[in-house]
Amino acid sequence: MNNQIDKIINEHCGSIEKGSLKRIDSGNNSDVYAIKYKGYNAIIKLYPNDENDTRDRLGVEVDFSKMLIEEGLKNTSRVIHANKKEKYAIFHKLPGNKIKANEIRSNHWLELVEFVLEVNKIGLSVKDRCNYNASEAFFCVKEHFDSIEQRLKYILSLDKGNSKIEYDIFIQRKLLKIFNNLKEHVLQTNHLYNKLLISKTLSVSDIGFHNSLIYKNKLYFYDFEYAGWDFSGKLVTDMLINPRNLIREEVAINVITELESRLICDKWIEDLKWMIPLYSIKWCLISMRIRKGYTFEDKTQGYIWIKNANNYLNRCNLLYKAICKHLKLDFEFRDFYTI
Ligand SMILES: Nc1ncnc2c1ncn2[C@@H]1O[C@H](COP(=O)(O)OP(=O)(O)O)[C@@H](O)[C@H]1O
Ligand SMILES: [Mg+2]
């Protein structure tokens with residue numbers, strides 16, 4: 001086990017239920033342990049020590065979790081204890097299991113929508129209390145383009161060793177091309193590039209089935225490190241195109257229709273026309289990250305990433321076409337993905 005967890009147990013938990021400490025094999029960021037102590041069935045989350053990351057992940061997650069509970073949400077986790085200095089927090093363990101991609105049905109999507117709507121509604125009553133934005137929240141179209149451009153440049157600048165040629169060709173010929181084509185198109189569309197995005201909602205940000213558990217057919221949500229105020233269209237875009245949330249076209253249309261009519265905020269739907277292609281580039285780049293590194297550093301994952309990224313872009317292309325067609329988005333239609 002890890003020294004830090006021993007220290008936390010000694011200093012905070014005291015005696016623990018025998019055999020109850022288990023490391024949870026989790027995502028890319030945090031170290032998470034399940035533990036039983038003093039009658040608690042709990043989760044200890046250790047936050048990463050990254051000097052380049054200035055965001056107070058622990059502070060946001062703890063504050064946001066408390067806020068949702070205070071506002072009456074039942075399907076999120078209560079904070080038991082938080083220690084900012086030692087960078088850990090303890091939460092009540094939620095019930096249930098991870099839902100597998102092939103088990104996700106349209107009723108699960110509608111439950112996800114209900115959760116988004118509840119958080120949106122909570123935003124109305126915590127306007128003065130909650131004063132932080134979601135991570136990478138931008139409220140001007142140009143800023144969204146700038147941030148993705150920066151990511152592309154950064155990834156291109158990395159030393160990719162033996163995989164350099166394949167990766168850089170894919171990034172330049174595919175991702176950068178989609179980016180440039182889209183940006184040119186947006187620049188040519190009346191005032192779109194400099195448009196301010198006024199539609200805001202409170203958002204948990206990293207939303208999806210990857211951050212939820214299912215118990216007795218009900219979803220429970222956690223992982224609010226990136227939460228805060230966000231552009232509403234960004235929240236919807238991330239829900240639809242997060243590579244881990246495979247969604248069928250007709251379900252995506254239902255999700256958009258529900259959110260368009262029920263989210264309490266200014267209009268955001270028109271902006272899906274540039275956001276979906278733009279953010280599919282970001283998701284490709286994010287999927288290049290593996291625990292403490294990049295796929296190109298790992299022999300077994302290196303080429304699989306390119307194949308998966310290609311498949312993902314093809315899926316986004318089909319989804320994007322279906323959404324544009326259904327919503328009759330008045331963007332001079334261009335096939336950004338097949339260039
Ligand atoms: N409150 C909780 N109850 C039950 N399991 C949890 C809870 N919080 C986290 N987990 C488990 O730990 C894993 C990682 O936690 P998460 O908050 O998503 O961290 P990360 O920021 O690394 O994605 C989750 O996928 C889940 O299995
Ligand atoms: Mg997570």
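I count two strands as paired if DSSP finds at least two bridges between them, and I take helices (H or I, at least four residues) and strands (E, at least two) as DSSP runs numbered from the N terminus. This is a predicted model, in which local features need pLDDT of at least 70, side-chain atom pairs count only at pLDDT 80 or more, and totals for chains, interfaces and linings use all residues. Residues are numbered from 1 along each chain as its sequence is written, while chains are lettered from A and ligands numbered from 1 in the order in which they are written.

I began with strand 1 and strand 2 (residues 31–37), which pair in the antiparallel sense over three bridges, and there I found Ile24 opposite Val32 in strand 2.

I then followed the open sheet, which has five strands in the order 1-2-3-5-4 with antiparallel pairing; strand 1 (22–24) and strand 4 (79–83) are its edge strands, each pairing on one side only.

For the whole protein I noted nine helices and eleven strands, and a box of roughly 65 × 50 × 35 Å, taken along the principal axes, that the C-alpha atoms fill.

I also checked the radius of gyration, taken over C-alpha atoms, against the globule rule of 2.2 Å times the number of residues to the power 0.38: a compact globule of 339 residues would have a value near 20 Å, and the 21 Å of the protein agrees with that.
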